[in-house]
Amino acid sequence: MISAWWAGLSLAMKVLWGITLTASLIFVIQTIATFIGADADTDFDIPDGDLDTGITESMDPGMNLLTFRNFVNFFLGFGWSAILLKDSIQSKGVLLLVAILIGVALVAMVMYLFKLLNGMQQSGNINIYRSAAGCQGTVYLTIPGERKGEGKVQISINGAIREYNALTDGDEIKTGTPIKVLEAVNDSTLLVEELTSLII
């Protein structure tokens with residue numbers, strides 16, 4: 001039955017179904033990873049350091065559009081809306097536009113929810129000025145060198161994974177690099193250095 005259904009699809013629909021099912025599977029994996037304390041974006045964030053640097057200098061890293069998670073969310077919304085609405089909207093141009101808008105809306109909604117949850121997490125009882133110094137973690141979004149912009153790090157404080165903006169006095173620190181916190185600059189920003197630079 002499934003093979004007959006698949007064989008009857010056009011090439012465009014096969015591609016659409018492939019993208020949608022892949023995005024759905026990755027979304028489920030990301031959601032599970034997030035709730036067990038691992039963030040899928042840490043492993044799959046855009047690897048181009050120059051691209052990250054340009055963005056972090058001009059906008060809040062927490063609102064960075066170019067992350068693997070956001071690409072997945074876009075194709076999730078785009079794919080399912082195109083599949084479910086293809087019989088209701090006859091014009092392919094209108095269908096494409098509606099699917100794109102729904103994909104963008106889903107990305108915006110998920111970004112807002114994560115930013116809200118992150119703010120709630122950081123507003124807990126932890127005194128960042130006393131607790132953060134000396135903690136270790138990893139870079140979530142590339143940190144520009146010489147305090148030219150902010151990146152983002154995830155560190156473990158009192159057994160909980162928390163996310164903060166980050167600066168460094170040294171060279172650029174790329175996504176996924178281990179770091180050590182030197183001090184808290186303010187309630188939401190840490191001064192860090194690359195952990196591997198301490199190893200002789």
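This is a predicted model: local features need pLDDT of at least 70, side-chain atom pairs count only at pLDDT 80 or more; totals for chains, interfaces and linings use all residues.

Q: OK, so how do the residues lining the second largest pocket divide up?

A: They split into 11 nonpolar, 2 polar and 3 charged. A pocket here is an open set of points on a 1 Å grid over the protein atoms alone, where a 1.4 Å probe fits, with protein on both sides within 12 Å along at least five of seven lines; lining residues have an atom within 4 Å of a point.

Q: How much space lies in the second largest pocket?

A: About 430 Å³. That volume is the space filled by probe spheres set on the points, and grid points are joined across faces, edges and corners.

Q: And which residues lie nearest its centre?

A: Of the 16 lining residues, Ala12, Met13, Leu16, Lys92 and Leu95 lie nearest the centre of the second largest pocket. The elements giving two or more residues to that lining are α2 (11–35), α5 (68–85) and α6 (92–122). Helices are DSSP runs of H or I with at least four residues, strands are runs of E with at least two, and both are numbered from the N terminus.

Q: Which element gives the largest share of the lining?

A: α2 does, with 5 residues.

Q: Let's look at α5. How far does it reach from its first C-alpha to its last?

A: α5 has 18 residues and reaches 26 Å, close to the 26 Å expected at 1.5 Å a residue. The expected span is 1.5 Å times one less than the number of residues.

Q: Which residues of α5 are buried?

A: Buried means under 20% relative accessible area, exposed over 50%, partly exposed in between (1.4 Å probe, protein chains only). The buried residues of α5 include Arg69, Asn70, Val72, Leu76, Phe78 and Ile83. Ile83 counts as buried because its relative accessibility is 9%. Ile83 is also 16 residues from Ala99 in sequence, with 9.1 Å between their C-alphas.

Q: Switching topic: in what order do the strands close into a barrel?

A: There are 5 strands, in the order β1-β2-β3-β5-β4, and the pairing is mixed. Neighbouring strands of this sheet are turned by 55° against each other on average, direction ignored. Axes are lines fitted to C-alpha atoms, and angles run from 0 to 180 degrees between N-to-C directions.

Q: What counts as pairing?

A: Two strands pair if DSSP finds at least two bridges between them. For instance, β2 (residues 151–157) and β3 (residues 160–167) are antiparallel over 7 bridges; Gly151 has Ala166 as its bridge partner, and Ile155 has Arg162. On the β1 (residues 136–141) side, 4 bridges join β1 to β2, again antiparallel, with Val139 partnered by Val153.

Q: Is β2 enclosed or open?

A: Largely enclosed by the rest of the structure, because 6 of its 7 residues are buried.

Q: In which sense do β3 and β5 pair?

A: Parallel, over 3 bridges, and the partner of Leu167 in β5 is Leu191. Glu183 stands opposite Leu191 as well. β4 and β5 run antiparallel with 5 bridges and form a hairpin with 4 residues between them.

Q: What about Asn186, where is it found?

A: In the loop between β4 (178–184) and β5 (189–194). Asn186 counts as partly exposed, at 30% relative accessibility. Asn165 is 21 residues from Asn186 in sequence and 9.7 Å away in space, C-alpha to C-alpha.

Q: Last one: which residues have a positive phi?

A: Most residues other than glycine have a negative phi. Among the exceptions, Glu146 has a positive phi of about 55° and Arg147 has one near 55°. Glu146 is exposed, with a relative accessible area of 52%, whereas Arg147 is partly exposed at 40%. Asn158 takes a positive phi near 55° too, in the hairpin of β2 and β3, which has 2 residues between the strands.

Notes. Residues are numbered from 1 along each chain as its sequence is written. Side-chain values use heavy atoms; hydrogens and water are left out. Ala, Val, Leu, Ile, Met, Phe, Trp, Tyr, Cys and Pro count as nonpolar, Asp, Glu, Lys and Arg as charged, and the others, Gly among them, as polar.
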